[in-house]
Amino acid sequence: MDTQEQELEDIELFQKHVSDRFTELSSPPEDDALLSVSWLHRLLDVFLCCEAEFEAILIMDRDPSQLSKPPFDRLIPEFIERAVKALDICNAVANGVDSVRHCQKLSEIVISALDQNPLGDGHAKRAKKALLMLLSAMNLDDKEGTHVKATERSWSFGRRGVNKEQIAGHFRSLSWQVAKNWSSAKQIQSMMYNLVAPRGAEASGLPSPIYTMNVIMIFVMWALVAAIPCQERNGLPTHFPVPKQLNWAHSLIGLQEKIADEWKKKEKKGMSGLLDELQKMEKLAQSLIDFTDSFHFPGDAEKVKEAAANVSELKEIFGRMDQGLTPLQMHIREVFHRIVRSRTEFLDVLEKGSAPVV
Amino acid sequence: MDECQSAIPAHDGDLHVVAAAHHIVKALGTTKNLSDDLRKILIDLDAHLSLITSNIDSKGGKGFVEVEERLKRVERKIVIWESDRIMIWDSGPKEASDYLEAVDEVQTLIDSLRGLSMNENQKQKELLHRASSLLQMAMSRLEEELIHMLVKHKQQSEPTYIPSPSSQRNVVYNESVVSLDNESVKEALSKNSCTDECGEYIVDLVPEHVIPDIKSIAKVMFASDYGQEFCEAFIGVRKEALEQHFDILENGKLSIEDLLKMEWCSLSTEMNKWTWSMKIIVGVYLMSEKRLCDQVLGKFGSVNSFCFLEIAKTTILCLLNFGEAIAMGPQEPEKLLRLLDMYETLADLVIDIDALFSEDGGSFVRLEFHKLLEGLADSVKAAFNAFGVAVSSNGSLYPFPGGGVHPLSKYVMNYISMFPEYCSTLNLLLEDQHSDVASLVSEPQCGPTASLSTSCPMACHLRSITSSLESNLHKKSKLHKDEALQHIFLMNNLHYMVQKVKGSELRPFFGDEWIRKHNAKFQQHEMNYERVTWSSVVLLLKDDNPGSSSLSKSAFKEKCKGFSVAFEEVYKNQTSWCIPDPQLREDLRISTSLKVVHAYRTFLGRNPAHVDDKCIKHTVEDVEKLLLDLFEGSPRSLRNSRRMMKT
């Protein structure tokens, strides 16, 4: 039949596109490292493209009653449920980007402090204070309920603490927008629940792109959670139950494994996000704080030079964050709205296709 | 001899210029009535010129002696506070202004030292270094003072006006309301007028007298390029304060997943809380925070709007997310009123939101809220439509026992009697759906009784809904096998509808024409009932041969028996029927009584000879009394009532 052949062709094309897009994501150009801000932008673009194609295949020119019959009467509602979970993740991650922006702001102070010639003790102290806040902001225990409040921190020992430098706490309470017991890791886990690749006859029909889109959605959300700090990421699953035989999935699985490896490495050390810029910032902050600790005017020329180089690198990262973070939040919002629309479309289809109510 | 460059004149001739300038400055400094700013400028200038002359006068290291002296003096003033346990601003205004002056002096010294670009001079480098370390120490201290000040006065300035959502209409409209009588329903559902009056209301988040202190710290910190630290501290404290207010309002911070699954009672409460929180957070706290930011940071370029955005972001996005989750959800009829509340609140506040987030950085907030407003408008329309569908498709399997007022009638009429409150919003939102409805409404409102209120979109939709209800009731009435009961049922329900319209704010929207027509309808059913029930019974008592003498005994006996049997049949059936409205019940009894009792009395009267016969089961008085038992809703048997009458 003509329409059936056309459908098979469309599905094949869709999966080819998916494969191509993820292959491109796997081999980023130099300044676009994996899980960097700009890479995340590209990931979100890939999602939007795939989603648009997916919706076209499933909904356009199709008799709605077809999607109300088995197995779609189970597959579509499951997809919609996963989409809702993805919405909550979008919100949590967008909120998390704010905490990265905070780090960016703190690094700006560090840069102002250290970008001085000649560098004095005062500058170093100023930088150290900001660096301590920066490091604590990055390694914030993202467990629920550990808000660090400005009022609790420094004023619990009366006015001044014993050592002023130790008071450089995280003045900004990091309040999450989400419910107290919400966990991003659990959310991803529950999205993965019941995700089974279609077998036999289903593998060559419409269930196949549905499965593909599910996997893409889960992967994108998972990558976002891995990169951006958000509530309760402990226990983030590192294994995706996607069969390796699927051709379209190769690049995606490859990416997933790379990111999972990084995650496992960092998990033990305590977690900031895997966001490339954050990782680099953390390393720079560590070495700068060592520098400021040991600095006495006029300081060792070599070390000062090294510090200057670090500051210069930090400036670059700051620049990338400054340019890319707010747009990233907007991009995530775009994804959010697209998923909402998609959900509405599918709900409409289900309603139209089901038996009319007497 | 040091080579002075750029800013410093090297020639003797220039020395004279400098000396002359210095002299003028000193002379001007003695002028009375100088403004503070002008005086400050002169003091700075004096310092600079002193520095220049002392450098020129000197050879080598000696030139910085005065600078060093000044540095030492100001160092003492600043360092002395480091070991002190007391906060400077707690100690008194003089201590505070002295400290600020000292910091100013440090900055001046740094500026001057920098102005002399004598890179080779060790002394200069050393002094510059000392001064900038001192500055950092002072800045760090000012940061602490700032936070201390903000925290201390934040607690004292909590407005006592902390509203509680319980004062709002919190009654959930569901089936249980149906069982309440009219008065308590009205009371339970009536709006608390206070919530409406809450427009903008700016509070002092920080007491007035503290603002100048904060501003003076800001000035000094920004002048020394420590503005970022100021903002960081300021944002930190204010953000926390705002989030505390938000927490007090008990917004659950629920996930979209949870909200979509939540059962109606809890969801209704959450929607109420949101409506209230929006009014308080946006109308009061955000407006006040913005004002505070402008007061404190207005002079420093776009810093004030940046700080405000950082303070407000998390909270406002939390509110946005909830709204979006609601707009996404299935729009069932019972949600309509809460959705209207949310829509109206947001429509009122969207102007404030536009003003608060007018800068570029906040534009996405504005856009999202405008989108949300549209989304809520769609939700209202969807819920309204769902209501209409629910009314027409509400099916019954069994006839409603007793033929009384059906719960559907109660639900619909009570529900729509609350719509007039939202008249302007509903008219706005239902406008484009007006044209479809107008054609469905079978009773066009025209003529002298037509008015703006009866022809507005909401009125048309309301009449369409009651029309739907009527059709549905007709269907339901057919489930009764007994035709008389069908009429009782319809009479009851139509009467109820009319009473509801007359006795509520619905009246102007339905108009007198509608009331008249529907009065006529239920009266018609009243008459039909009488005809169906009693005509045949009364017929039995009719005089077959008018003009002739009284009946024979057997004929009389037969008629009596026939009447008794019929009457008892009606009695048995119809005592279990129900006419809830006392007035209506009374009317029907009177009317029935007139007919039946009169006919019976006439019948007995025509046959006086047989009056004492035992075949007369019931006297006229008996019949009168028995008729009173009808429509009480509780089935009776004659034996019971007999016994009761005898005692």
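Read along the sequence, chain A of this predicted model follows the pattern α-α-α-α-α-α-α-α-α-α. Ten helices and zero strands are present in the chain. Of the 358 residues in chain A, 56% are buried. Among contacts in chain A between residues at least 6 apart in sequence, 81% join residues that are at least 24 apart. The accessible surface of chain A amounts to about 15,800 Å², and carbon and sulfur atoms account for 53% of this area.

B:Ser255 is located in the loop that runs between helix 10 (227–248) and helix 11 (256–261) of chain B. The relative accessible area of B:Ser255 is 9%, and the residue is therefore classed as buried, the cut-off being under 20%. When residues up to four places away in sequence are not counted, B:Ser255 touches A:Asp88 and A:Trp182.

A patch of positive charge is found on the surface, where B:Lys72, B:Arg73, B:Arg76 and B:Lys77 gather. One of these residues, B:Lys72, is placed in helix 3 of chain B, which covers residues 65–79. B:Lys72 has a relative accessible area of 34%. Because this value lies between the limits of 20% and 50%, B:Lys72 is described as partly exposed.

Technical notes. Residues numbered from 1 in each chain as written. Chains lettered and ligands numbered in written order. Predicted model: local features only at pLDDT ≥ 70, side-chain atom pairs only at ≥ 80, totals over all residues. Heavy atoms only, no water. Helix = DSSP H or I, 4+ residues; strand = E, 2+ residues; numbered from the N terminus. Buried < 20%, exposed > 50% of the residue type's maximum accessible area, 1.4 Å probe, protein only. Contact = heavy atoms within 4.5 Å. Areas by Shrake-Rupley, 256 points an atom, 1.4 Å probe, with all protein chains shown as cover. Patch = residues over 30% accessible without salt bridge, like charges linked within 9 Å, V, L, I, M, F, W, Y side chains within 5 Å. Salt bridge = Lys/Arg side-chain N within 4 Å of Asp/Glu carboxyl O. Lys, Arg positive; Asp, Glu negative; His and termini not counted. Charge placed at Lys NZ, Arg CZ, Asp CG, Glu CD.
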